[in-house]
Amino acid sequence: MSSTDLPESSTGSSAGSSAVAAPLPLVSAVRVAEGEELRSVSLPGLTLTVRSRPPVRTGLPPALYVHGLGGSSQNWSALMPLLDGVVDSEALDLPGFGDSPPPDDGNYSVTGHARAVIRYLDAHRRGPVHLLGNSLGGAVSTRVAAVRPDLVRSLTLVSPALPELRVQKTAVPTALLAVPGVAGLFAKLSRDWTAEQRTRGVTGLCYGDPGRVTPEGFQAAVDEMERRLRLPYFWDAMTRSARGIVDAYTLGGQHGLWRQAERVLAPTLLVYGGRDQLVSFRMARKATAAFRDSRLLALPDAGHVAMMEYPEAVAEAFLGLIQTETRS
């Protein structure tokens with residue numbers, strides 16, 4: 001199926017594209033964990049940063065990891081080493097996040113991000129891959145798997161941002177970022193907040209138990225927050241991507257995310273946390289019914305980023321998924 005089987009979106013605008021015309025500022029280097037490598041990949045209209053772990057041997061099946069809203073490829077650094085020797089791991093920084101600059105067209109919709117993933121896989125002939133996505137990355141990965149089944153060998157979704165009829169109260173502030181003017185107002189109101197305060201707030205929202213974050217891990221997150229806040233496009237990428245999620249929630253017909261979930265052919269692992277404040281745990285039942293070949297990993301104490309909180313449990317479930325896929 002063609003990669004053009006994606007809905008157009010109005011999320012991109014001339015304001016978004018003009019914002020990237022100015023030279024990007026010099027900021028501190030992105031953290032690279034032991035055993036990881038970073039490289040920059042240029043494609044028409046966008047540049048992506050790819051985090052990888054050199055495979056322990058040749059011939060391993062490729063895996064690609066896609067982060068969530070406000071995240072980066074670093075969100076997968078706890079999980080990737082647990083899969084050394086099993087897959088050839090790469091994690092993307094989506095356009096405008098991590099160390100990837102904004103896309104030239106300013107399109108931060110779920111469709112725009114899905115196109116970026118598809119274009120990367122097509123350009124480097126990485127497919128079919130084991131595709132893993134968290135939150136926004138879960139919605140993006142669902143769309144990729146639906147419209148380009150040839151690119152996806154298996155699908156793992158950690159707290160995917162699929163439409164909910166009753167959004168949790170704790171998720172409302174994130175959704176409000178999509179409202180024009182709210183992000184600018186919030187930026188002004190929070191301009192005196194330190195990177196540490198912001199990081200503590202994000203950790204409290206995303207983790208089931210913030211105490212699981214080590215002091216070293218917390219400091220690394222603070223350093224990354226400081227780096228991002230110096231990027232002039234930080235809030236633009238956040239607000240436009242949040243708006244993209246809201247737009248995807250309202251999209252109907254064949255391009256609706258639940259309809260596309262039903263089209264996914266790849267075996268699918270669904271990971272939901274009982275303490276998730278952004279994606280309701282009750283959506284696990286609907287997702288399990290929607291994906292035709294699915295299995296569920298329920299982690300009662302996990303929050304929104306189970307692959308960071310409980311990487312061993314997610315790795316074990318992923319191994320079970322691909323072993324089943326291999327036998328079939």
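I started with W235, which is partly exposed because its relative accessibility is 24% (buried means under 20% relative accessible area, exposed over 50%, partly exposed in between, with a 1.4 Å probe and protein chains only). This is a predicted model, so local features need pLDDT of at least 70 and side-chain atom pairs count only at pLDDT 80 or more, while totals for chains, interfaces and linings use all residues. Residues are numbered from 1 along each chain as its sequence is written, and side-chain values use heavy atoms, with hydrogens and water left out.

Next I looked at F234, which counts as buried because its relative accessible area is 14%.

**Aromatic pairs.** My search of the whole structure turned up two aromatic pairs (rings of Phe, Tyr and Trp, the last by its six-membered ring, pair if their centres lie within 6.5 Å; planes under 30 degrees apart are stacked, over 60 edge-to-face, the rest tilted). In one, the ring centres of Y65 and W76 are 5.3 Å apart and the planes meet at 45°, so I noted the pair as tilted. This pair links distant parts of the chain, with Y65 in strand β3 (residues 62-66) and W76 in the loop between β3 and β4 (88-93), 11 residues apart (helices, H or I of at least four residues, and strands, E of at least two, are DSSP runs numbered from the N terminus). Both Y65 and W76 are buried. F234 and W235 make an edge-to-face pair, 5.1 Å centre to centre with 80° between the planes.

I also found R212 over the face of Y310, 4.1 Å from the ring centre (NZ of Lys or CZ of Arg must be within 6 Å of the ring centre and within 35 degrees of the ring normal).

**The cavity.** Where does F234 turn up again? I found one cavity of 30 Å³ or more in the whole structure (on a 1 Å grid over the protein atoms alone, a cavity is a set of points where a 1.4 Å probe fits but cannot get out; lining residues have an atom within 4 Å of a point). The largest cavity holds about 70 Å³ of space, a volume being the space filled by probe spheres set on the grid points, which are joined across faces, edges and corners. Helices α7 (215-229) and α8 (234-250) each supply at least two lining residues, and α8 gives the largest share, three.

**Salt bridges.** I got 13 in the structure (a side-chain nitrogen of Lys or Arg within 4 Å of a carboxyl oxygen of Asp or Glu). E36 bridges to R51, with the closest N and O atoms 2.7 Å apart. E36 sits in the loop between α1 (14-18) and β1 (37-43), and R51 in strand β2 (residues 46-52), 15 residues apart. E36 and R51 are both buried.

E90 and R39 meet at 3.1 Å, N to O, and they link strand β4 to strand β1, 51 residues apart. E90 counts as buried at 6% relative accessibility, whereas R39 is partly exposed at 32%.

Finally, I checked R200 and E196, whose closest N and O atoms are 3.0 Å apart. Both lie in helix α6 (residues 195-206), four residues apart, about one turn of the helix. Salt bridges that share partners join R39, D88, E90 and R126 into one network.

Methods: 1 Å grid on protein atoms, 1.4 Å probe; cavity = no way out; pocket = protein on both sides within 12 Å on 5 of 7 lines; lining within 4 Å.
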